[in-house]
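Reader: Hello! Could you walk me through some side-chain packing in this model?

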Amino acid sequence: METPPVEQLVKSAKSGCIESFGKLYTCYYSAMVAIGYSVLGDKSLAEDAAQAAFAKAAVKLKSLQKPKSFGKWLGAICRNTAIAMQRTNGRAMEFFVEEAAATDESDYLKKEVSIALSKLKRVDREVLVLRYFDNFSYERMSDVLGISV
């Protein structure tokens, strides 16, 4: 069974269809984890940020004026949630470096990539995480990040 377009799912979810919101969740969850990870540098915390973003989106969904902008809107909620979590935890982007501390030679590349990611601007980091960690297409990244292809 084919999934309806995002705009249709959003309109249906705004009308109270839980199944439609569930399909939106399935469609966007990995992107939200990637956005959370690009801020927090920790997969578990990124998953928490994604979950919290969906919870906030469910509550605020009726305020979304343009259903076509759902991905960008949700991405902003997730990013802001992750930033708030980062402030609450008092942790900075050194997360990437700490998480990637090399225990043997096989961890060296992971550590170097993590250090490089920590030095990038947020939007550049998000693009790289979505593209190379989650294999997102340029069109999908454009949708989620609200940037041009």
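Author: Gladly! Contact here means heavy atoms within 4.5 Å. Please keep in mind that this is a predicted model.

Reader: Thanks, that helps. Which residues is Glu126 in contact with, leaving aside its neighbours within four places in sequence?

Author: Glu126 has its place in helix α7. With a relative accessible area of 1%, Glu126 is buried. Leaving aside neighbours within four places in sequence, its contacts are Ile35, Ser38, Arg79 and Leu145.

Reader: Which helices are included in what covers the buried residues of α8?

Author: Let's begin with the residues themselves: α8 runs over residues 138-145, and Met141, Ser142, Val144 and Leu145 are buried there. After α8 comes Gly146, with a positive phi near 70°. The cover over the buried residues of α8 includes α2, α4 and α7.

Reader: Nice. What span is expected for helix α3 at 1.5 Å a residue?

Author: Helix α3 covers residues 43-60, which makes 18 residues. The expected span is 1.5 Å times one less than the number of residues. From first C-alpha to last, α3 reaches 25 Å, close to the expected 26 Å.

Reader: And at the start of α3, which residue has its backbone nitrogen within 3.2 Å of a side-chain oxygen of Asp42?

Author: This is a polar contact, for which N or O atoms must be within 3.5 Å. The side-chain oxygen of Asp42 comes to within 3.2 Å of the backbone nitrogen of Ser44.

Reader: What kind of aromatic pair do Phe70 and Trp73 form?

Author: These two are 3 residues apart in helix α4, so about one helical turn separates them. Phe70 is buried, at 0% relative accessible area, and Trp73 is buried too, at 18%. Their centres are 5.9 Å apart with 45° between the planes, and the pair is tilted.

How values were computed:
Residues numbered from 1 in each chain as written. Predicted model: local features only at pLDDT ≥ 70, side-chain atom pairs only at ≥ 80, totals over all residues. Heavy atoms only, no water. Buried < 20%, exposed > 50% of the residue type's maximum accessible area, 1.4 Å probe, protein only. Helix = DSSP H or I, 4+ residues; strand = E, 2+ residues; numbered from the N terminus. Polar contact = N/O pair within 3.5 Å; in protein donor to acceptor, adjacent residues only side chain to side chain. Phe/Tyr/Trp six-rings, centres within 6.5 Å; stacked < 30°, edge-to-face > 60°.
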